[in-house]
Amino acid sequence: MSTLAETPLAKSKREVIEQAVIRFAGDSGDGMQITGSQFTNTVALYGNDIATFPDYPAEIRAPAGTLPGVSGYQLHFSSSEVYTPGDAVDVLIAMNPAALKMNLADLKANGILIVNSDAFKEGDLRKAQMTSNPLEDHSLDKYRLFSVEAQRLTRAALQHLGIDAKAMDRCKNFFALGMCYWLYNRSMDPTFRWIDEKFSKKPLVAEANKLALKAGYSYCEATEAFQVSYEIPPAKLEKGFYRSLSGNQALALGFVTAAQKSGLTLFLGSYPITPASDILHELSQYKNFGVMTFQAEDEIAAMTSTIGASYAGALALTTTSGPGMALKTEAMGLAVMTELPMVIVDVQRGGPSTGLPTKTEQADLLQALFGRNSEAPIPVLAASTPADCFWVAVEACRIALKYMVPVIVLTDGYLANGSGPWRIPEIEDIPAIPVSFATDPATYEPYKRDPQTLARPWAVPGTPGLEHRIGGLEKKDGSGNINYEPLNHENMVRIRAAKVAGIAQDIPDAVPEGDAEGDLLIIGWGSTCGSITAAVKPQRAKGRRIGHVHLRHLNPLPKNLGEVMKRYKKVLVPELNMGQLLWVLRAKYLVDAIGLNKIQGRPFKQNELEVKIEELLGV
Amino acid sequence: MTTAALPQLTKKDFQTDQEVRWCPGCGDYAILSAVQSVFPELGIPREKFVVVSGIGCSSRFPYYMNTYGFHSIHGRAPAVATGIKAVRPDLDVWVATGDGDALAIGGNHTIHMLRRNVGIKVLLFNNRIYGLTKGQYSPTSEYHKVTKSTPYGSPDRPFNPISLAIGSEATFVARSVDVFQAHLKDTLKHAAVHRGSAFIEILQNCNIFNNGAWEGITEKDARSEHVIQLEHGKPLVFGKNRDKGIRRLADGDIEVVPLGDKYTEKDLIVHDAHHPRASYAFLLSHMEHRPGFPTPIGVLRAWDDLPRYEDVMNDQLKEVTAKKGRGDLAKLFRAGDTWEVK
C-alpha cells in the first residue's frame with residue numbers, strides 16, 4: 001500500500017540538473033514503447049539532446065507478467081550533448097515485479113524507483129519467480145522507492161467514463177507518464193496532441209488516456225510525492241530546426257531525398273524482417289513522392305525485383321536484416337556482375353540464424369564485405385547514429401549511381417529503433433546526384449567504361465537502338481558479349497575490384513576526433529559511435545592522448561587510414577562482434593590492433609570502454 | 001518520315017549476331033524461330049521488348065533475341081521481370097524459362113507473379129528433364145523416370161504446369177508444342193495481346209537427354225488421336241476422323257464420347273476460354289492424366305478483366321498524389337513535431 005499520501009511532506013522544490021537517464025519497464029502489453037517514445041518526443045521538443053534505447057522481446061506477447069515478456073525503453077536527455085542512452089539509470093519505472101527484477105541492476109544507488117504496487121500480488125510475484133515481496137522485504141532500501149497504486153488510481157480517475165476495467169487498466173502507462181512529466185517539469189501538451197491524433201476515431205479512448213495522464217501528473221502535485229522535481233534546460237546544439245528520428249525513419253527520408261536529388265523513381269523491393277520492416281512501412285507512405293514499394297514473396301524476390309527495377313532505370317533499394325541478406329547473396333553477385341546501381345540495407349541483429357531478432361549486433365560486417373561466391377566486391381557503408389542514417393542513405397545512393405555498383409548500408413537494431421535529434425537540412429544544401437542514361441547507338445557498348453570511375457553506361461529498356469543483353473555470365477569488357485577466355489576473366493575480376501577500390505579517391509580521409517597523434521587510436525564503426533565518443537571525452541579530460549576514428553566507409557576504407565594508425569602507439573577496435581573490423585585492419589595493414597568485443601545483444605556501456613582504455617594506457 | 005508509323009520489322013531484326021549454342025536438333029530452335037517470327041508482327045517497337053530468363057538451356061534465349069535481354073539467375077526471372085514491369089509498365093516483358101527453372105528452384109516466384117497478374121508473358125519450355133546439368137529428372141518428369149540421378153526411378157509425382165498456373169489464378173494459360181509451328185505462333189499471338197500474366201507451356205523435345213519427351217503427342221498418328229486442340233467458341237472434338245468429343249456429365253465431370261448416332265457435336269462442351277472462373281480450365285488441364293482422354297493444347301484460359309499488378313501499383317501512386325498533392329520534401333522533413341535551437 002502506498003503511504004505517500006499520508007506522510008507529511010516538505011513543500012516540493014525544483015532543482016536544475018544537467019542530465020537524466022530514465023527507463024520505463026513493464027510487460028510487453030503495458031505500452032512501454034509508447035510511453036518511452038512520448039517522453040522522448042516531449043523532452044526533444046523542449047530542446048534537450050537525447051539518445052534512446054528501446055529494448056523489447058521478440059515475442060509479440062510473451063505470457064503477461066513473466067520475465068521474458070518484459071519490455072523496456074531507456075532515454076538519456078540532457079542540457080549538453082549526449083552520445084549514449086546512459087550506462088546507469090536515474091529513474092526506473094517498473095510496472096510489475098518482472099520488470100523490476102529484469103531492470104533493477106541498472107538503477108543507480110539512491111535512484112528513483114517508481115513501481116505500480118497494484119501489480120505486486122502473490123501471483124504476480126510468482127510469475128516473476130520472486131519468493132518475497134520486494135516492496136516489503138527492505139531489499140529496495142538503497143533506492144528512493146515510490147510505491148504507487150497506479151492501477152487503482154487510474155481506475156478511480158476513469159470510472160465515470162463507463163468503460164470496462166480492462167480498458168481502464170490499459171491507460172495506466174499514461175498515469176506513470178504523467179508522473180514523470182511532473183517529475184521533470186514537462187508540459188503534457190505534446191502528448192495530448194498525439195493522443196488526439198492517434199485516437200481521433202475513438203474519442204472515448206483518447207479521453208481515457210488523457211485523463212490517466214493528467215491523473216498521474218495531479219497525483220504528484222497533490223501528494224507532493226517526490227518532494228523535489230527537476231529541471232533540465234535545453235541543450236546548446238548547433239543552430240537550426242530539429243526533429244526526433246529513429247534510424248529507420250532517417251534511412252527512409254534519406255532514400256526519398258536521394259531519389260529527388262537524382263530525379264529517379266525510388267523502388268523498394270522488400271520482405272518484412274525485424275528490425276528492418278519499419279523502413280518498408282515508412283517508404284510505403286510516400287507514394288506522392290513517386291516511391292514504389294513492392295512487398296515481395298521472399299528475400300530473393302525482394303533482391304531480384306530490385307535488380308530488375310534498377311535495370312529499368314529506377315533508384316532501386318532493398319532492405320533486410322542478416323538472415324535476409326544471406327538469402328539475397330546469389331542475387332547480389334548478379335548485381336555485381338551486371339554492374340547496376342542499387343542499395344542493399346542490412347539492419348543487423350543478433351545471430352547466427354534467427355538469433356536475437358530484436359537485439360543489436362555488428363556481426364554482419366564480414367558477410368557484407370565477403371559473403372558472396374567468388375570475387376564480388378561491394379562498397380559498404382555504416383551509419384553511426386540514428387540521424388546519420390539519413391546521410392548514409394544519401395551517400396550510398398550517390399556512390400551506387402556514380403559508379404554503377406550495388407552498395408551495402410549497415411545499420412543495426414540499436415540505430416534502427418533508437419532515436420536522436422536530427423538537424424533538418426536545407427534541401428538546397430544537399431548536393432544533386434547527377435545521373436546520365438546512355439542514348440547514342442553510335443557510341444554505345446554495354447561494358448564500355450568511364451575512364452575515371454570505371455562505371456559502365458546505364459542503358460534502360462525502351463531506348464531505341466541500344467538493345468543489348470546482360471546477365472550473370474562473364475562478359476567481354478566493352479562489348480559485354482559472353483566471354484570465357486582466361487585472360488578476359490582475370491581482367492574483368494580486376495576491373496570490378498579496381499572500380500570499388502577507386503571509390504577511396506572519392507570519400508573523405510579519416511580525421512581523428514581528439515588527439516591527432518598520441519597513445520591510443522580507437523577505430524569504430526556503426527552504432528558504437530556514441531559509446532566511444534562518451535568514453536573518450538572524460539579520458540582526454542584527464543590528459544590522456546587519444547584519437548577516435550569512426551568509419552563510415554568500410555569498403556573501400558579511407559585511403560589515409562594506414563597512415564593515421566601509425567601516429568598512435570596503440571590501436572583499439574571496439575565492436576559488438578568477435579572482432580570483424582579488427583580482422584580486416586590486421587589483415588590489410590599488418591597492424592597489431594587490439595579488439596574489445598561484446599556479443600550480448602546490447603550496446604557498449606561507456607564504462608566498459610573506459611576500463612579498456614585505461615587498461616591499454618596502463619593507468 | 002512524315003508520320004510516326006513504326007518501321008516495318010522483320011524476323012531478321014530480332015536475330016542477334018551471337019552463335020546459337022543449343023544442341024543440334026534441340027526443340028529450342030523451333031521456339032526461337034517462332035518467337036522471332038511473331039515479334040515483328042505485334043506492332044511494338046523493338047526497343048520496347050525485354051526478354052528475361054533464369055538458368056537452364058532455355059534461359060540462353062535472350063542472347064539470341066535482338067531486344068533488351070536479361071539472363072538472370074536460376075529461378076528468379078519472374079521477380080526480375082516484376083521489378084522491370086513495376087517501374088516501366090510500357091515495356092513488353094517476356095520470360096523464357098524451363099521446367100526446372102520455373103517449377104523447381106523458381107516455383108515460388110512463378111506462382112506469385114501469376115496470382116499478382118503482372119503483365120508478363122512466360123514461355124515455359126517443358127522438356128521434362130534437366131538438360132544443362134546433363135540429365136537429371138525434373139518436376140515434370142514422369143513418375144518413376146530413370147535418369148542419372150534416379151537410376152532406380154524417380155520417386156516424385158510430376159507437376160502439371162498448366163494446372164499449377166490455373167491454380168495460381170493465372171489469367172492466361174495456354175499450351176503448344178515446339179514442332180507445331182503454326183499452332184505455336186498462333187498461341188504466341190494470343191498471349192501477346194493479353195494484358196495480364198500470360199503463361200504458355202511449350203512442350204519441347206530434348207533430343208540428347210530425353211529424346212521423344214512428347215512422342216505420344218508429336219508422332220504423326222498420335223497427334224490427332226491424343227491431342228485436342230482447343231479453340232474458343234468451338235466444340236471439344238478430336239480424333240483422326242474428328243469422331244470423338246468431350247461431354248459434360250450431370251455431376252459436373254466430363255467424359256469422352258464417340259460422335260455418331262448417340263452423340264453429335266451439339267452434345268459437346270463448347271470451349272469458353274474467357275470464362276471468369278478458372279474451374280472449367282482446371283478440369284480441362286487435368287484430363288490428360290485420365291485414360292482415354294486427350295492432351296489439350298491451345299488457349300485454356302484467357303480472362304483479361306483483372307487489372308495488371310503494375311497498373312494497380314502505378315495508379316496508387318497517382319491516386320495518392322492526386323489526394324495529397326505532389327510530395328514536398330521540405331514539408332516532409334518538417335513533418336511531425338520540430339523544435340528550433342537558436
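Chain A comprises 20 helices and 23 strands, where helices (H or I, at least four residues) and strands (E, at least two) are DSSP runs numbered from the N terminus. The structure is a predicted model, in which local features need pLDDT of at least 70 and side-chain atom pairs count only at pLDDT 80 or more, while totals for chains, interfaces and linings use all residues. Residues are numbered from 1 along each chain as its sequence is written, and chains are lettered from A and ligands numbered from 1 in the order in which they are written.

The C-alpha atoms of chain A occupy a box of roughly 90 × 60 × 45 Å along the principal axes. A compact globule of 619 residues would have a radius of gyration near 25 Å, and the 27 Å of chain A agrees with this; the radius is taken over C-alpha atoms, and the globule rule is 2.2 Å times the number of residues to the power 0.38. Of the 619 residues in chain A, 54% are buried, a residue being buried if 20 or more other C-beta atoms lie within 10 Å of its own, exposed if 12 or fewer, and partly exposed in between, with C-beta atoms placed from the backbone. Among the contacts in chain A with a separation of 6 or more, 76% are between residues 24 or more positions apart; two residues are in contact if their C-beta atoms, placed from the backbone, lie within 7 Å.

Between the two chains, 58 residues of chain A are in contact with 51 residues of chain B. The elements of chain A that give two or more residues to this side include helix H1 (32-46), helix H9 (247-262), strand S11 and helix H12 (322-338), and H11(A) gives the most, with 9 residues. The residues on the side of chain A that touches chain B divide into 30 nonpolar, 19 polar and 9 charged, where Ala, Val, Leu, Ile, Met, Phe, Trp, Tyr, Cys and Pro count as nonpolar, Asp, Glu, Lys and Arg as charged, and the others, Gly among them, as polar.

Chain B is divided into domain 1 (11-218 + 304-309) and domain 2 (236-295), with bounds that come from an automatic or database domain assignment. The C-alpha centres of domain 1 and domain 2 of chain B lie 27 Å apart, and 9 residues of domain 1 are in contact with 7 residues of domain 2. On the side of domain 1 that touches domain 2, the largest share, 4 residues, comes from helix H5 (residues 161-167) of chain B, and the residues of that side divide into 4 nonpolar, 3 polar and 2 charged.

Helix H10 (residues 309-324) of chain B has 16 residues and spans 23 Å from its first C-alpha to its last, close to the 22 Å expected at 1.5 Å a residue, the expected span being 1.5 Å times one less than the number of residues. Within H10(B), Tyr309(B), Glu310(B) and Met313(B) are buried. Seen down the axis of H10(B), the buried residues fall within an arc of 125 degrees and so line one face of the helix, the arc being that of the directions from the helix axis to the C-beta atoms. These buried residues pack against strand S11 (292-295) of chain A together with helix H2 (77-87) and helix H4 (107-116) of chain B. On the other side of H10(B), the exposed residues are Val312(B), Asp315(B), Lys318(B), Glu319(B), Ala322(B) and Lys323(B). Gly325(B), which follows H10(B), has a positive phi near 85 degrees.

Most residues other than glycine have a negative phi, and most peptide bonds are trans. Asn185(A), however, has a positive phi of about 55 degrees although it is not a glycine; Asn185(A) lies in the loop between helix H6 (172-183) and helix H7 (189-198) of chain A and counts as partly exposed, with 13 C-beta neighbours inside 10 Å. In chain B, Arg242(B) has a positive phi near 50 degrees, is found in the loop between strand S8 (237-238) and strand S9 (244-248), and is exposed, with 11 other C-beta atoms within 10 Å.
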